[in-house]
Amino acid sequence: MKDLLRARTSLKEEIEILLNNQVKMEAEASAKYLAMASWCDRNGFKHSAKYFLNQSDEERGHMLKIFNYLMTVGGTAISPEVAGVKQEYPTFKSVFETALQSEIAVTQSINRIVTAARREEDYATENFLQWFVSEQIEEEDNARRAIELFDVIGEEGTGLYVIDKAIGKLGSDE
């Protein structure tokens, strides 16, 4: 049966596995951002909560984009399980540090898939992934900018309030 399914697609098994792993990674990122939104909301950072809700939606959109691509090219798209999402963070800043690390990990994963697609001469997948390569530049930039706000504004006095308001404007060309 497996060989019959492989005969119906030009997608190599290795690429299909990597893309399904990316579907899972995007689903996990969406869930992490939901947890971050909840943490920010519980701690009075309403603008940041909204920012992370939007980020969660974006990550889910990325997941669906890859999921649909897998189905379009005749691959098997696997609905991911997401468990063990961290719900608590020690500080407001640590939420954004975690977000940046997540974005860097996503970028590295996308780059590995592009490399594998090139090696397998799967130019359709390489072309499909170029959108994600560009998107990750923006995602990492926003995450870095959020952390920079802590250094520029400072956390003392009304600093956290000002940072929260500024984060609400990230990605909107301020």
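This is a predicted model: local features need pLDDT of at least 70, side-chain atom pairs count only at pLDDT 80 or more; totals for chains, interfaces and linings use all residues.
**Entry 1: salt bridges**

Arg-119 pairs with Glu-14 in a salt bridge, and their closest N and O atoms are 2.7 Å apart. I noted where the two sit: Arg-119 is in helix α4, Glu-14 is in helix α2, and 105 residues separate them, so this pair links distant parts of the chain.

I then checked exposure for both partners. Arg-119 counts as exposed because its relative accessibility is 52%. Glu-14 comes out as partly exposed, at 32%.

Next I looked up Lys-24. It forms a salt bridge with Glu-28, with 3.4 Å between the closest N and O atoms. Both residues belong to helix α2, and they are 4 residues apart, about one turn of the helix. Lys-24 is partly exposed at 32% relative accessible area. Glu-28 is also partly exposed, at 28%.

Asp-151 lies in helix α5 and Lys-93 in helix α4, so the bridge ties together parts that are 58 residues apart in sequence. Lys-93 is buried at 18%, because the cut-off for buried is under 20%.

I also took the total: the structure has 8 salt bridges.

**Entry 2: the cavity**

I found 1 cavity of 30 Å³ or more. The largest cavity holds about 50 Å³ of space.

Which residues line the largest cavity? I listed Tyr-33, Tyr-51, Phe-52, Gln-55, Phe-96, Ala-99, Glu-103, Glu-139, Asn-142, Ala-143 and Ala-146. The elements giving two or more residues to this lining are α3 (46-72), α4 (92-119) and α5 (123-153). Helix α5 has the largest share, with 4 residues.

**Entry 3: a nonpolar surface patch**

Val-152, Ile-153, Tyr-161 and Val-162 make a nonpolar patch of about 380 Å². Which elements supply at least two residues each? They are α5 and α6 (159-167).

I looked at one member, Tyr-161, on its own. Tyr-161 sits in helix α6. Its relative accessibility is 54%, so Tyr-161 counts as exposed.

**Entry 4: backbone at Glu-121**

I checked phi at Glu-121. The value is positive, about 55°, although the residue is not a glycine. I flagged this because most residues other than glycine have a negative phi. Where does Glu-121 lie? Glu-121 is in the loop between α4 and α5. With 58% relative accessibility, Glu-121 counts as exposed.

**Entry 5: Ser-38**

My last stop was Ser-38. This residue lies in helix α2, which covers residues 13-42. Ser-38 is partly exposed, at 30% relative accessible area. I also took a distance to Leu-53. The C-alpha atoms of Ser-38 and Leu-53 are separated by 8.7 Å, and the two residues are 15 apart along the chain.

Note on methods
Residues are numbered from 1 along each chain as its sequence is written. Side-chain values use heavy atoms; hydrogens and water are left out. On a 1 Å grid over the protein atoms alone, a cavity is a set of points where a 1.4 Å probe fits but cannot get out, and a pocket is an open set with protein on both sides within 12 Å along at least five of seven lines; lining residues have an atom within 4 Å of a point. Grid points are joined across faces, edges and corners, and a volume is the space filled by probe spheres set on the points. Patches are made of residues with over 30% relative accessible area and no salt bridge: like charges are joined within 9 Å, nonpolar side chains (Val, Leu, Ile, Met, Phe, Trp, Tyr) within 5 Å. Accessible areas come from the Shrake-Rupley method with a 1.4 Å probe; for residues, only the protein chains shown count as cover. A salt bridge is a side-chain nitrogen of Lys or Arg within 4 Å of a carboxyl oxygen of Asp or Glu. Buried means under 20% relative accessible area, exposed over 50%, partly exposed in between (1.4 Å probe, protein chains only).
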